[in-house]
Amino acid sequence: MDNAWISIATPLVLLHAFIFVTNPITKEALEALNNYPDIIRQCAIITRFVDDLGTSSEELKRGDVPKSIQCYMNEKGVSEKEARTHINYMIKEMWELMNKDHKEELLFSEEFIRIVLNFSRTSHCMYQHGDGHGIQNSHITNRISKLLFEPITM
């Protein structure tokens, strides 16, 4: 996990979001970002885990590297089903931590915190049934398209 959470690029995306929505940018907030505050780490872990749950099977068939599921299977000697159950449990734990910790985050604006939470929500939704890129499935692609490009009517 030490490598996986940062390799998903979530911290980089959130750093850019922070710069775009924060004015003025304080030295304290920049220093906190440099140390990867919990809320960013938690968001990245959620994104990594939901990505792995949604895409790892197809990626492995193409020869990609093992994901969190396979690492847990290897480390604990459990089945894929048990590993997926554990990863889902860890996602739940990260959500609980993030929902608790964001209320205590004082260095960042409410707008930035909202962006981080929405990033986690979006990644959870996007990867729930695969990503639509690695797995060519019209159901997934249509779902993502509706989420991102079609207006919500009331």
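**Helix packing, aromatic pairs and backbone features**

Helices H5 and H6 cross with right-handed geometry in this predicted model. The two elements, H5 spanning residues 68–76 and H6 spanning residues 80–101, pack at an angle of about 115 degrees, and their axes lie 9 Å apart. On the H5 side, the contact is made by Ser68, Ile69, Tyr72 and Met73, while H6 contributes Glu80, Ala83, Arg84, His86 and Ile87. Classified by residue type, the contact of H5 with H6 comprises five nonpolar, two polar and two charged residues.

The protein chain as a whole contains eight helices and zero strands, and its pattern along the sequence is accordingly written α-α-α-α-α-α-α-α. Of the 154 residues in the protein chain, 38% are buried. Among contacts with a separation of 6 or more, 63% involve residues 24 or more positions apart. The protein chain exposes about 9700 Å², and 55% of this area is supplied by carbon and sulfur atoms.

Aromatic side chains were examined next. A pair of aromatic rings is described by the distance of the centres and the angle of the planes. The count comes to four aromatic pairs. In one of them, the rings of phenylalanine 18 and phenylalanine 112 have their centres 5.4 Å apart and their planes at 80 degrees; the pair is therefore edge-to-face, since planes over 60 degrees apart fall in that category. This pair links distant parts of the chain, with phenylalanine 18 in helix H2 (residues 10–21) and phenylalanine 112 in helix H7 (residues 110–126), 94 residues apart. Both phenylalanine 18 and phenylalanine 112 are buried. Phenylalanine 112 also pairs with phenylalanine 108, in a tilted arrangement with 5.3 Å from centre to centre and 55 degrees between the planes. Phenylalanine 108 is buried, as is phenylalanine 112. Through these ring pairs, Phe18, Phe108 and Phe112 are linked into a cluster.

The relative accessible area of aspartate 101 is 15%; because the cut-off for burial is under 20%, aspartate 101 counts as buried. When neighbours within four places in sequence are left aside, the contacts of aspartate 101 are with Asp38 and Gln42.

Several backbone features occur in loops. A cis peptide bond, with omega about 0 degrees, joins asparagine 23 and proline 24. Proline 24 is situated in the loop between H2 and helix H3 (27–34). Alanine 9, although not a glycine, has a positive phi of about 75 degrees, and this residue belongs to the loop between helix H1 (4–7) and H2. With a relative accessible area of 34%, alanine 9 is partly exposed. Tyrosine 36, likewise not a glycine, has a positive phi of about 50 degrees. The position of tyrosine 36 is in the loop between H3 and helix H4 (38–61). Its relative accessibility is 32%, so tyrosine 36 counts as partly exposed.

Definitions and conventions: Residues are numbered from 1 along each chain as its sequence is written. This is a predicted model: local features need pLDDT of at least 70, side-chain atom pairs count only at pLDDT 80 or more; totals for chains, interfaces and linings use all residues. Side-chain values use heavy atoms; hydrogens and water are left out. Axes are lines fitted to C-alpha atoms, for helices over the stretch in contact, and angles run from 0 to 180 degrees between N-to-C directions. Helices (H or I, at least four residues) and strands (E, at least two) are DSSP runs, numbered from the N terminus. A crossing is left-handed if the near helix is turned anticlockwise from the far one by less than a right angle, and right-handed if clockwise. Contact means heavy atoms within 4.5 Å. Ala, Val, Leu, Ile, Met, Phe, Trp, Tyr, Cys and Pro count as nonpolar, Asp, Glu, Lys and Arg as charged, and the others, Gly among them, as polar. Buried means under 20% relative accessible area, exposed over 50%, partly exposed in between (1.4 Å probe, protein chains only). Accessible areas come from the Shrake-Rupley method with a 1.4 Å probe; for residues, only the protein chains shown count as cover. Rings of Phe, Tyr and Trp (its six-membered ring) pair if their centres lie within 6.5 Å; planes under 30 degrees apart count as stacked, over 60 as edge-to-face and the rest as tilted.
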